Amino acid sequence: MLLPILSFNLYAVLPTDKLAAENYPVRHGELTTREMAIAVNAWQYFVHNLQPTTGLVNAVNNYPSTTMWDSASYLAALVSARELGIITKDEFDHRMLPFLKTLNNLSLFQGQLPNKVYNTITAEKVNYVNKPGEIGFSAIDSGRMLIWLKIVKERYPEYANSIDNVVLRWDFSHVIQGCGTLYGAMLDKNNAPIYVQEGRLGYEEYAASGFQLWGFSTCQASRPEPYDLAKIYCVLVPYDARDPRTTSQHNYVVTESYILHGFELGWDRSDDRANKAGSYSHPWMKNFANRVYQAQENRYRETGILTARSEHQLDRAPYFVYDTVFADGYNWNTITDQGSFVPEYAAVSLKAALGMWVFWDSPYTDRLFDAIENANVKELGFNEGLYENGKGPINEFTANNNGIMLEALLFKKEGKILRFTSGDPSHVDYIPSLWERQLINAFDDNNNKRNRPFIDATPSLTAFCDKTGIAIRKAPNCNSCQCADCQDGRSSNSLFKLPPVTSSCAK
């Protein structure tokens, strides 16, 4: 039985460059009793799934395995729990210290970046069935981890040295090339590493922001092109135009990547140190997020099906699906990682629903909130989702879902989660971090060996080098010569012209 339709017109009469979503305010303010209950219940996942031997948390309930993406979601949960008053500073520290110790001792994939998967009890590199062995690295997962390491470093500077040492161990030689394209690693049949471009529209730009926060140029990865537009319930929804048939990568459009960029970076450029509500210095990410949201609200208006689409785990085979607004040429496509069509696993993603509720204060998201509010199990956190076909909740629990729900509520209380507290790097009194001091040092052989970025020599860095007698490391004269389309090796988002957001269509 379909839920009743909301009592307003199917599609508002708007100019072709406007969406109703643009007029919905973002929810801000102290958490209500209902909202705080969600935060407390979501935290229970991390109480139940902590591995004290390593400080890591299981990515999926009771299964001792994790990725850098899921470990970043744990950091999101940990920061949120502290800031929302769910845990004390004492508990925060007793969790953060062993976590960072483990990150500083991880065996990396061929000495480069973190392996795609680790055992949470032993911190050993493992494959997808949790057996010892290395299988490659993910640029997207590493990018999310870099964002959260930067957030923790800025919010809690007492952990800055430990965090800098984590990133100083990484070798970036194969994950990012001169034009700012991101590459992941895998092994071929002979166990030799191969490197392939990684990321599609939404996720690619989100992960690239993590590399930018640490000084890397990500010109190509940060651009929306190549993209095309799918007409979905009168909304022109952008999707990655690279052909899945030739690239073997799905061009899925989901809610998650857009709301994560909003929570963590406020839909701002990575170098934007301001925290002004309602001001977005990365306008096309905000614009594309509005489109992804509006298509889902319009689907509900048309069909009565509550819609909040994102990738999610399952409690049965195939165990994971991309539950999309658009993918591989089809609207509302629910597919496995092999591309098989599995519409019976379409669901209301709880992390997507709560994220939509925070960013778009509307009657529709009020209904989403009511639907997901109590979809939790005592001491396990929130279910992964609610099946669209009415067959109840997905009986699975994950760090990613519960972590993102917690950061959604932290954003509701505080706004943009990345808070720069280290001062302005261009100021003469700025105190450079361990990371910056290493990068500026022309005598550190690891800078070039590990393909670390070049950073501008600010007055404070210059003064540091003058006092210590260290020669300043300088970028080549033409950092972007190999990339004619890049201006100084950076993304030219300021030159990007937004396409129309709506199309005419019959009711």
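Leaving aside neighbours within four places in sequence, which residues is S209 in contact with? Taking contact as heavy atoms within 4.5 Å, the partners are I147, H261, L265 and S270. The model is a predicted one, where local features need pLDDT of at least 70 and side-chain atom pairs count only at pLDDT 80 or more, while totals for chains, interfaces and linings use all residues. Residues are numbered from 1 along each chain as its sequence is written, and side-chain values use heavy atoms, with hydrogens and water left out.

S209 sits in helix α6, residues 203–213 (helices are DSSP runs of H or I with at least four residues, strands are runs of E with at least two, both numbered from the N terminus). With a relative accessible area of 5%, S209 is buried; buried means under 20%, exposed over 50%, and partly exposed in between, using a 1.4 Å probe and protein chains only.

As for W360, its contacts beyond four places in sequence include A21, Y24, W267 and Y293.

V196 belongs to strand β9, residues 193–197, and counts as partly exposed because its relative accessibility is 34%.
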